[in-house]
Amino acid sequence: MSVNVDDSVRAAYDDIRDDNTETNWAVFSYGEGNTISASGTGNGDLNELKAALPEGDAAYGYLRVTTGDSESRRSKFVFIAWLGPGTKIRRKAQTSVHKATVKETVREYAIELLADCQDDLDADAVKAQVVKAGGANYMGQES
């Protein structure tokens, strides 16, 4: 079954990528008629995004993570495919195909995560993965 990604996903994605806004996360959820739309956005941390993920369904998240030190700040992005603990088997199977459709809009990210419980989205672990994927790391290390 095909899925439609509505314009709210593009709007939220563009808002997060805009350096002039404070929005740094969005959740894209399934609605009526197999349409995926932006169901939440915010300017908090990963924990705020996690609170917006549905426990009983699949969804997708997009997060801005700022790394670096006082001399070099960089924004990197995380794409999250979420399979909440209560997600039905059929929806889980559909997600592999639907994720590709969502990625036609959400194109730029440093890492992609698949999570099926809140513990899979540990803020420190996610940031460490983003730093590792970002290449050069000048975050106050000593030689």
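This is a predicted model: local features need pLDDT of at least 70, side-chain atom pairs count only at pLDDT 80 or more; totals for chains, interfaces and linings use all residues.

Surface first: I get an accessible area of about 7,800 Å² for the chain, and 44% of that belongs to carbon and sulfur atoms.

Next I checked burial. Of the 143 residues in the chain, 39% are buried.

Then the overall dimensions. The C-alpha trace spans about 55 × 30 × 25 Å along its principal axes.

Secondary structure: I count 4 helices and 6 strands in the chain. Going along the sequence, I read the pattern as β-α-β-β-α-β-β-α-β-α. The radius of gyration is 15 Å, close to the 15 Å from the globule rule for 143 residues, so the chain is as compact as a globular protein of that length.

I also looked at how far contacts reach along the sequence. Taking contacts between residues at least 6 apart, I find that 63% of them join residues at least 24 apart.

On to the sheet. In what order do the strands sit? I trace β1-β3-β2-β4-β5-β6, an open sheet of 6 strands with mixed pairing. At the edges I find β1 (4–5) and β6 (111–115), each pairing on one side only. Reminder for myself: strands of a sheet pair through backbone hydrogen bonds, either parallel or antiparallel.

Strand β5 (residues 72–83) runs parallel to β6, and 5 bridges join the two. One bridge I wrote down has Trp82 partnered with Ala115 in β6.

What lies across the strands? I followed helix α1 (residues 7–17) over β1, β2 (25–30), β3 (35–42), β4 (58–69) and β5. Against β3, helix α1 runs at about 30 degrees.

Last, the aromatics. My search of the whole structure turns up 5 aromatic pairs. One of them is Tyr60 with Phe79, which is stacked, at 6.1 Å centre to centre and 20 degrees between the planes. This pair links distant parts of the chain, with Tyr60 in strand β4 and Phe79 in strand β5, 19 residues apart.

The cut-off I used for buried is under 20% relative accessible area.

Which residues do the ring pairs bring together? I noted a cluster made up of Tyr30, Tyr60, Phe79 and Tyr109, linked through ring pairs.

Notes
Residues are numbered from 1 along each chain as its sequence is written. Side-chain values use heavy atoms; hydrogens and water are left out. Two strands pair if DSSP finds at least two bridges between them. Contact means heavy atoms within 4.5 Å. Axes are lines fitted to C-alpha atoms, for helices over the stretch in contact, and angles run from 0 to 180 degrees between N-to-C directions. The radius of gyration is taken over C-alpha atoms; the globule rule is 2.2 Å times the number of residues to the power 0.38. Buried means under 20% relative accessible area, exposed over 50%, partly exposed in between (1.4 Å probe, protein chains only). Accessible areas come from the Shrake-Rupley method with a 1.4 Å probe; for residues, only the protein chains shown count as cover. Rings of Phe, Tyr and Trp (its six-membered ring) pair if their centres lie within 6.5 Å; planes under 30 degrees apart count as stacked, over 60 as edge-to-face and the rest as tilted.
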